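Me: I'd like to go through this model at the level of side chains. Could you take my questions in turn?

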Amino acid sequence: MNQVKQRNWYALSFIPALAGQIEELIDVLEAQRKAFLPAKSKPHVLDDHTVNRALSLFQANSECIHLYQEQIDRWTREAQIELHRQALPLLNDKLSKARKLNVELIALVEELSKGTIDKVLAKDDIELALEFLSGKSKL
């Protein structure tokens with residue numbers, strides 16, 4: 001039996017709540033960027049489990065952001081009160097910022113995944129030594 005999952009659409013009165021959720025998401029994403037950015041120059045301080053978990057969470061964020069966008073688009077079509085018409089572009093801007101941060105984090109974590117400690121330890125000693133001597137690795 002194939003069940004189709006039906007979306008729950010919210011009334012326009014939910015705009016402030018969604019704005020709060022998006023602001024929290026932005027705060028979390030900025031904190032994550034601040035946490036992962038220093039590892040860019042030394043990805044070996046991270047392990048595969050940490051990187052894979054972060055990537056999974058950021059990909060889940062992408063799904064949430066997509067759903068938020070659908071809700072905002074729906075509200076934009078329904079909005080009849082000037083207050084709502086003014087609030088929705090601002091909400092859309094916040095969501096764009098969240099999307100941009102999330103995309104940046106996915107790219108960063110994917111880059112970091114190539115140099116985790118697990119990847120370093122999986123290399124042959126000679127391969128690792130050659131990478132270090134050639135300047136490809138900065139352990």
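Predicted model: local features only at pLDDT ≥ 70, side-chain atom pairs only at ≥ 80, totals over all residues.

Me: Is the pair of tyrosine 10 and phenylalanine 14 stacked or edge-to-face?
Reply: The ring centres of tyrosine 10 and phenylalanine 14 are 4.2 Å apart, with 15° between the planes. Planes under 30 degrees apart count as stacked. The pair of tyrosine 10 and phenylalanine 14 is therefore stacked.

Me: Which helices does the pair of phenylalanine 36 and phenylalanine 58 tie together?
Reply: This pair is edge-to-face, with 6.3 Å from centre to centre and 75° between the planes. Phenylalanine 36 is buried at 8% relative accessible area, and phenylalanine 58 is buried at 3%. Phenylalanine 36 lies in residues 15–36 and phenylalanine 58 in residues 48–78, so the helices are α1 and α2.

Me: What do the buried residues of α2 pack against?
Reply: The buried residues of α2 include Val51, Leu55, Phe58, Ile65, Ile72 and Trp75. An α-helix has 3.6 residues a turn, so residues three or four places apart point the same way. The buried residues of α2 pack against α1 and α3.

Me: How far apart are the end C-alpha atoms of α2?
Reply: Helix α2 has 31 residues, and at 1.5 Å a residue they should span 45 Å. The end C-alpha atoms agree with that span, being apart by 45 Å.

Me: How many residues apart in sequence are the parts that glutamate 23 and lysine 94 tie together?
Reply: Side chains of opposite charge can pair when their charged atoms come close. Glutamate 23 and lysine 94 meet in a salt bridge at 2.2 Å, N to O. Glutamate 23 lies in helix α1 and lysine 94 in helix α3, so the distance along the sequence is 71 residues.

Me: Is arginine 33 buried or partly exposed?
Reply: Arginine 33 forms a salt bridge with glutamate 104, the closest N and O atoms being 3.3 Å apart. Together with Lys100, these residues are linked in a network of salt bridges. Buried means under 20% relative accessible area. Arginine 33 has 30%, so this residue counts as partly exposed.

Methods: Residues numbered from 1 in each chain as written. Heavy atoms only, no water. Phe/Tyr/Trp six-rings, centres within 6.5 Å; stacked < 30°, edge-to-face > 60°. Helix = DSSP H or I, 4+ residues; strand = E, 2+ residues; numbered from the N terminus. Buried < 20%, exposed > 50% of the residue type's maximum accessible area, 1.4 Å probe, protein only. Expected span 1.5 Å × (residues − 1). Contact = heavy atoms within 4.5 Å. Salt bridge = Lys/Arg side-chain N within 4 Å of Asp/Glu carboxyl O.
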